Amino acid sequence: QVQLQESGGGLVQAGGSLRLSCPASGNIFSINAMGWYRQVPGKQRELVATITSGGSTNYADSVKGRFTISRDNAKNTVYLQMNNLKPEDTAVYFCNADYWSSGSYFVERSWGQGTQVTVSS
């Protein structure tokens with residue numbers, strides 16, 4: 001089993017910045033893609049950004065030019081730098097990782113517990 005734990009959320013004024021971190025730990029042989037998603041009450045969880053092991057990135061249109069996803073493969077950690085935050089960015093942010101465990105032939109996915117980001121106007 002692999003565990004992920006988000007940190008770095010909080011309350012910020014519109015126009016401000018936050019940096020989220022999410023280290024993965026446990027029985028990890030290799031991690032493929034890692035990503036960030038967000039969810040507000042009553043709505044489905046939505047993609048924010050993803051990054052492959054090779055560094056290829058993908059962003060939701062709503063965050064392009066403001067958010068940057070990155071990862072440190074040596075630390076099994078994914079980051080999300082969020083700049084020029086807007087009130088509509090308020091949500092619980094979740095990280096995930098697609099990985100192989102030692103001795104396994106199947107890709108699995110784990111999610112973190114989430115961290116609240118609140119942007120005031």
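Two strands count as paired if DSSP finds at least two bridges between them, and strands here are DSSP runs (E, at least two residues), numbered from the N terminus. This is a predicted model, so to speak: local features need pLDDT of at least 70, side-chain atom pairs count only at pLDDT 80 or more, and totals for chains, interfaces and linings use all residues. Residues are numbered from 1 along each chain as its sequence is written, and side-chain values use heavy atoms, with hydrogens and water left out.

**View 1. Here is where E7 meets E8.** Strand E8 covers residues 77–82, and its antiparallel pairing with E7 runs over six bridges. Look for Asp72: the residue standing opposite is Thr77 in E8.

**View 2. Zoom out to an open sheet of four strands.** The order is E1-E3-E8-E7, and the pairing is antiparallel. At the edges sit E1 (2–4) and E7 (67–72), each pairing on one side only. On average, neighbouring strands of this sheet are turned by 15° against each other, direction ignored; the axes behind that angle are lines fitted to C-alpha atoms, and angles run from 0 to 180 degrees between N-to-C directions.

**View 3. Now for the disulfide, Cys22 with Cys95.** A disulfide is a covalent bond between the sulfur atoms of two cysteines; the search counts a pair of cysteine sulfur atoms within 2.5 Å. Searching the whole structure turns up one, and the sulfur atoms of Cys22 and Cys95 are 1.8 Å apart. The pair ties together distant parts of the chain, 73 residues apart: Cys22 in strand E3 (residues 18–26) and Cys95 in strand E9 (residues 91–100).
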